[in-house]
Amino acid sequence: MDASEASFEAHRCLACHDAPCINACPTSIDIPKFIKQIGANNSVGSGVTILEQNKLGASCSHACPVEELCVGACVFNGTDQSPIQIGRLQRYATSVAMAYERDTKRPLF
């Protein structure tokens, strides 16, 4: 996923007040918040939001069964729209944040 794909997908998110995706996440990541940060062109901040809640957020974005958890709970399920690609957005945000840390030699935390 590149920056424009991530931004497009992020702008689809409704940022539900009582987000079922958060309740479905075993680590309780604030999914609407990190997605909103991507939409606001703050992908590094988005990655930090994820990693603050789950230090293994980058690894989990590859291994987590999102279709059964957060994506499976997305309010778009059962509608004519596909659910938000939360796992792909999480992979994007954490990779951008870790690249920033590596390239700038400035720790995220």
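**Helix H3 and its surroundings**

Q: Hi! Which helices do the buried residues of H3 pack against?
A: Hello! The buried residues of H3 pack against H1, H2, H4, H6 and H7. Keep in mind that we are looking at a predicted model.

Q: OK, and which residues of H3 are buried?
A: They are Ile31, Pro32, Phe34, Ile35, Gln37 and Ile38.

Q: Let's zoom in on isoleucine 38. What is it in contact with?
A: If we skip its neighbours within four places in sequence, isoleucine 38 is in contact with Ala6, Ser7, Ala10, Ser43, Ser46, Leu89, Tyr92 and Ala93.

Q: Ser46 is in that list. Where is serine 46 placed?
A: Serine 46 sits in helix H4, which covers residues 43-53.

Q: Is serine 46 buried or exposed?
A: Serine 46 counts as buried because its relative accessibility is 0%, and the cut-off for buried is under 20%.

Q: So what does serine 46 touch?
A: Not counting residues up to four places away in sequence, serine 46 touches Phe34, Gln37, Ile38 and Ala93.

Q: New topic: what happens at the start of H3?
A: There, a side-chain oxygen of aspartate 30 comes within 3.2 Å of the backbone nitrogen of lysine 33.

Q: And which residue follows H3?
A: Asparagine 41 follows H3, and its phi is positive, near 65 degrees. Asparagine 41 belongs to the loop between H3 and H4.

Q: Got it. Is asparagine 41 buried or exposed?
A: Asparagine 41 is exposed, as its relative accessible area is 72%.

Q: What about the phi of serine 28?
A: Serine 28 isn't a glycine, yet its phi is positive, about 55 degrees.

Q: Where does serine 28 lie?
A: Serine 28 is in the loop between helix H2 (20-24) and H3. With a relative accessible area of 41%, serine 28 is partly exposed.

Methods
Residues numbered from 1 in each chain as written. Predicted model: local features only at pLDDT ≥ 70, side-chain atom pairs only at ≥ 80, totals over all residues. Heavy atoms only, no water. Contact = heavy atoms within 4.5 Å. Helix = DSSP H or I, 4+ residues; strand = E, 2+ residues; numbered from the N terminus. Buried < 20%, exposed > 50% of the residue type's maximum accessible area, 1.4 Å probe, protein only. Polar contact = N/O pair within 3.5 Å; in protein donor to acceptor, adjacent residues only side chain to side chain.
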